[in-house]
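Q: I would like to learn how to read features in a structure. Can we work through one together?

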Amino acid sequence: MIFLREVALRRGARLLFAHASVTFFRGQKVGVTGANGVGKSSLFALLAGELHPDSGQLELQPGIVIARLLQELPPSRCPAIEFVLDGDAELRSLQTGIAQAEASGDGLRLAELHEGLAKIGGYAARARAAQLMHGLGFREHDLARPVDDFSGGWRVRLNLARALMCRSDLLLLDEPTNHLDLDAIVWLESWLRSFPGTLLLISHDRDFLDATVRSICHIEDGALRLYEGNYSAFERQRAERLAGRRAAYDKQQREIARTRAFIERFRAKATKARQAQSRLKALARLDRIAPAHVDAPFEFSFRAAPAQPDPAIVIDAATVGYGGEPVLREVDFALRAGARIGLLGRNGAGKSTLVKLLAAELVPLKGARVEGKGVAIGYFAQHQLDQLRPDESALAHLMRADPAAREQELRDFLGGFDFRADMALTPVGRFSGGEKSRLALALIAWRRPNVLLLDEPTNHLDLEMRYALLRALQEFAGAMVLVSHDRHLLRAACDELYLVADGTVREFPGDVDDYAQQLQSVPEQPAGVGHVTPGRRERRREEAWVRERRSARRRPLQERIRTLEEQMVRLAADKARLEKRLATPDLYGEACKEELKQCLLQQARVSRQLQEVEEHWLELNLQLESVQ
C-alpha cells in the first residue's frame with residue numbers, strides 16, 4: 001500500500017533520512033517512535049504530500065484517502081459538529097451536489113446522489129459525529145457551540161474528531177493523546193483497535209501504543225527500522241540488539257542492578273494488596289525495559305532535600321474553587337512524608353484544583369490548609385511554561401535560581417536534561433514545548449524540594465525523557481502528588497491512588513487498570529438520572545447488617561496480615577544483615593570458607609521465605625479487599 005525505497009529527506013541543511021526503505025500494508029497499525037527531532041512528523045508530512053523526497057521513491061496506492069491530525073485549527077464561527085462533519089470530504093461533496101440538484105430540479109441526478117449518500121452511511125453521519133465528540137469528552141451542549149469558543153486543548157480534540165470522521169484508508173495521528181484525559185484515551189484506544197484502515201501513530205504514551213499498534217517503525221541514525229509487535233515487544237528486541245555492543249551491555253547491567261535495588265526497597269514499603277501487586281509487576285517489567293534505554297540522552301535526579309515534616313501538608317474540611325464557586329467541598333487530605341499519590345478523575349473534576357490548593361496557589365473558601373515546618377514544594381503545571389523568560393537561556397534561568405552555584409556544575413546538571421553545549425545558551429523562546437517542559441523540571445529538581453506536586457508533567461515529553469523522569473521519581477525520597485494520563489507513570493511511580501469526582505476526594509481502592517476498566521464498563525449517567533432506592537430506615541438496617549458481616553469476615557484476615565507483616569520485617573532485616581556481611585571482603589578469604597558457605601545458604605533460605613510470606617500477604621490482602 002505504501003512503499004519507501006532508498007528515501008532521503010532533508011529539512012534545510014539537516015539530513016533526516018538516508019536510504020530509508022520500509023513498506024506499510026493495508027490494515028497495518030504502526031507506532032512511529034524515535035527521539036525528538038529525528039523526523040517523525042516530517043515522515044507524516046512526506047506521506048501527506050506536503051514534502052517530497054530528496055532522493056529515492058515514495059509510492060502510495062492510487063486513490064488512497066489520507067486523514068491527518070492537525071495541531072492548528074483556523075478561526076471559525078461554525079458549530080463544532082459541522083466542523084467535525086467537514087472531515088468527511090465525500091459526504092460534504094454529496095451534500096453540496098444534492099443541494100445543487102434540488103435547486104436545478106434535476107431529479108435523475110438527485111436520485112443518484114441520494115443513492116451515493118446512502119451507500120456511505122451519510123444519513124447517519126451526524127449521529128456518528130456526535131458519538132465521536134462524546135467519546136472525546138464533549139457534552140451535548142458543546143455540539144452547537146462555535147469553534148472559536150473552545151480553548152486550545154479542546155480545539156485539538158475537535159481536530160482529532162474531524163480526522164476520525166474521515167473514512168480514510170490511511171490515518172496519520174501525531175500525538176493524539178495530548179490534551180486528552182484518561183477517559184478519552186481509553187475510548188480512543190477502543191476506536192483505533194476497530195479502525196479498518198492503515199494507522200500510523202506517533203505517541204509518547206507506552207500503554208497507548210501497546211493497546212493500539214502491532215508494529216513499531218523506529219527512526220534512529222537516519223534509518224527507519226520496522227519491528228513486529230507492540231511497544232513492549234520493540235523494547236525487548238531493541239534491548240537484545242543493543243546488548244550486542246559491549247559498551248552498551250555494561251551500562252545495561254548497571255541499569256538492571258539499579259532497577260532491582262529499587263524493587264527490593266519497595267517490597268518493604270508495600271501497604272495495599274491490589275496496588276502493591278500492580279506496582280511489583282510494573283517494577284519487575286522495568287527490569288526488562290531498562291536495557292532499551294541505555295543510550296537515552298537524559299539522566300537526572302532530584303537533588304537531596306532537607307528533612308521533611310510529617311505530615312507535610314494537611315487539608316482540613318476545605319472547600320475550594322474559583323470566584324467564590326466551589327469545585328471541591330469538605331476535602332480532608334493529609335500528605336504524609338514519603339507518600340506517593342496519583343490522582344484519578346475526569347477532566348474538569350478538580351484534580352488541578354486540588355494540586356493548586358496543595359501548592360498554596362488557591363486559598364480555601366472554607367476550612368484550612370496547614371503546611372509543616374520546613375516544607376519545600378516543587379510545583380509543575382503547564383501554565384508555568386509561560387513564565388519562562390523567552391530571551392534567556394536555560395543556563396541563565398538556573399543561574400538566576402542559584403546565583404552562588406558554579407557555572408560548570410549548572411552545565412553538568414543541565415546536561416542530564418539534554419541541554420548540552422550551545423543548547424544550554426540558546427534563548428528559551430526558540431524551544432519546543434518538550435524542551436520547555438524539560439527546563440521547568442530541571443529548575444524544580446535543582447531547588448531541592450521535599451514535596452513534589454506534578455500536574456501533567458509528561459505533556460510534550462518523548463518516551464526517553466518520560467523514562468528518565470520515572471527513574472528520578474522512583475529515587476525521590478520526599479512526598480509526591482501526581483496528575484497524569486500516562487498510566488505507565490502512574491502505575492510505576494505511585495503507591496496510592498485518589499479519585500477526584502462529584503466535588504469530593506476519596507481513596508481509590510483498585511489500581512490504574514481497574515480504573516480504566518471501570519471507565520469502559522460504567523456508562524455515564526445523564527444529568528438528573530437517579531436510582532430507585534428503598535426507604536431510609538430499611539436501607540440503614542441493610543447497611544448495618546452488611547457492615548457487621550464484613551467486620552466479622554475482616555477481623556481474622558487482618559490478624560493474619562499483621563502477623564505476616566511482622567514476619568516480613570524480621571526477614572527483611574535478616575536479609576539485609578546477611579547481604580551486609582556478604583559485601584565484606586574478608587569473608588572471601590580461606591579462613592572464612594565455612595562461614596561464607598553458611599551465609600550463602602542462609603541468604604537463599606531467607607530470600608525464599610520472604611518471597612513466600614510476601615505472596616501469602618498479597619493473597620490475604622486481595623481477600624480482604626474483596627470483603628471490603
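Predicted model: local features only at pLDDT ≥ 70, side-chain atom pairs only at ≥ 80, totals over all residues.

Q: In which helix is R487 found?
A: R487 is found in helix α17, which covers residues 487-493.

Q: Which residues is R487 in contact with, leaving aside its neighbours within four places in sequence?
A: A contact here means heavy atoms within 4.5 Å. By that rule, R487 is in contact with L182, I185, V186, E189, D207, F208 and V512. With E189 there is also a polar contact, 2.2 Å between the two side chains.

Q: How far apart are R487 and A516 in sequence and in space?
A: In sequence they are 29 residues apart, while their C-alpha atoms are 9.2 Å apart in space. For the chain as a whole, take the contacts between residues at least 6 apart in sequence: 71% of these join residues at least 24 apart.

Q: What is the place of S484, and is S484 buried or exposed?
A: S484 sits in the loop between β16 (479-483) and α17. S484 is buried, because its relative accessible area is 6%. A polar atom of the S484 side chain lies 2.9 Å from the backbone nitrogen of D486. Not counting residues up to four places away in sequence, S484 touches E456, T458, L489 and L490.

Q: How many helices and strands does the chain have, and what share of its residues count as buried?
A: The secondary structure comes to 20 helices and 18 strands. Of the 628 residues, 50% count as buried.

Q: What is the length of helix α6, and how far does the helix reach?
A: A helix can be checked by setting its reach beside the span expected at 1.5 Å a residue. Helix α6, residues 152-165, has 14 residues and reaches 20 Å from its first C-alpha to its last, close to the expected 20 Å.

Q: Why is α6 described as largely enclosed by the rest of the structure?
A: The reason is that 10 of its 14 residues are buried. Among them are G153, V156, R157 and L158. The elements that cover the buried residues of α6 include β5 (66-68), α2 (80-85), α5 (125-135), β6 (170-174) and α7 (182-193).

Q: How is a pair of aromatic rings described?
A: Two values are used, the distance of the centres and the angle of the planes. In this chain the count comes to 10 aromatic pairs. One of them is Y227 with F234, an edge-to-face pair with 4.9 Å centre to centre and 75° between the planes. Y227 and F234 are both buried.

Q: Why is the pair of F419 and F431 stacked?
A: The ring centres of F419 and F431 are 5.5 Å apart and the planes are at 15°, so the pair counts as stacked. Both residues are in the loop between α14 (407-415) and α15 (433-446), 12 residues apart. F419 counts as buried because its relative accessibility is 1%. F431 is buried as well, because its relative accessible area is 7%.

Q: Which residues form an aromatic cluster, and which residue lies over the face of F150?
A: F138, F150 and W154 form one aromatic cluster. R145 lies over the face of F150, at 4.2 Å from the ring centre. Elsewhere, R162 lies over the face of F83, at 4.4 Å from the ring centre.

Q: Which strands pair with β1?
A: Strand β1 (residues 2-11) runs antiparallel to β4 (residues 55-60), joined by 5 bridges. In that pairing A8 stands opposite S55. Strand β1 is also joined to β2 (residues 14-24) by 7 bridges, again antiparallel, and R11 stands opposite R14.

Q: How many residues lie between the strands in the hairpin of β1 and β2?
A: There are 2 residues between them, and G12 in the turn has a positive phi of about 70°. Another hairpin is made by β10 and β11, which has 2 residues between the strands and where G323 takes a positive phi near 60°. Strands β10 (residues 313-322) and β11 (residues 325-335) pair in the antiparallel sense over 7 bridges, with V320 opposite L328.

Definitions and conventions
Residues numbered from 1 in each chain as written. Heavy atoms only, no water. Helix = DSSP H or I, 4+ residues; strand = E, 2+ residues; numbered from the N terminus. Polar contact = N/O pair within 3.5 Å; in protein donor to acceptor, adjacent residues only side chain to side chain. Phe/Tyr/Trp six-rings, centres within 6.5 Å; stacked < 30°, edge-to-face > 60°. Buried < 20%, exposed > 50% of the residue type's maximum accessible area, 1.4 Å probe, protein only. Lys NZ or Arg CZ within 6 Å of the ring centre and 35° of its normal. Expected span 1.5 Å × (residues − 1). Pairing = 2+ DSSP bridges.
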